[in-house]
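Work through the exercises below with the sequence and the coordinates at hand. Each task is followed by its solution.

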Amino acid sequence: MIRITEMEERHLDALAEVERACFAHPWSREGLAAELSSPTALFLTAEEETGAVAGYVGSHLVCGECYIDNVAVLPEQRRRGTASALLEELIRRVKAQGGVFLTLEVRESNAPALALYGKLGFVPAGRRKDFYTGPREDALLLTLYL
């Protein structure tokens, strides 16, 4: 069973590990910690029953517009509904705060993520040429209108 909670200082070490496991250019612990004091940040963690962190979603909500910075789930925890649970809770919270839309970038080759976002109602809104490095790749810009 996964429990979704707001990011707290106690999560930072584990989230920095999630970042390193998931991304070629991970956020640092310090970068994550800075989000704790950001008035626009909405970062949610997925915790297992044991308290271990399985993943997180990080976003910023400004004037009803939610930009999703990262969705990350430990490789060994994938395909268990964790990313879905994180995003569904984020969508619920953005709606509750009067949000108009959520948007994100995703690697063009990331078929599992594209399938998940499509299932949740995100639609293509554009392309960012050579957005990613390591390896270089275009990003698809996806948006969920609320």
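The model is predicted, so local features need pLDDT of at least 70 and side-chain atom pairs count only at pLDDT 80 or more, while totals for chains, interfaces and linings use all residues. Residues are numbered from 1 along each chain as its sequence is written, and side-chain values use heavy atoms, without hydrogens and water.

**Exercise 1.** Classify the ring pair of Phe131 and Tyr132.

Solution. Rings of Phe, Tyr and Trp (its six-membered ring) pair if their centres lie within 6.5 Å; planes under 30 degrees apart are stacked, over 60 edge-to-face, the rest tilted. By this rule there are 5 aromatic pairs. For Phe131 and Tyr132 the centres are 5.0 Å apart and the planes stand at 90°, so the pair is edge-to-face.

**Exercise 2.** Determine whether Ile91 is buried or exposed, and list its contacts.

Solution. Buried means under 20% relative accessible area, exposed over 50%, and partly exposed in between (1.4 Å probe, protein chains only). At 10%, Ile91 is buried. Leaving out residues up to four places away in sequence, Ile91 touches Leu102, Phe122, Leu144 and Leu146 (contact: heavy atoms within 4.5 Å).

**Exercise 3.** Find the buried side of helix 4 (residues 111-120).

Solution. Helices (H or I, at least four residues) and strands (E, at least two) are DSSP runs, numbered from the N terminus. Ala113, Leu116, Tyr117 and Leu120 are buried in helix 4. They lie on the same side of helix 4, because their arc around the axis is only 95°, taken from the directions from the helix axis to the C-beta atoms. The face turned away from the buried side carries the exposed Ala115 and Lys119.
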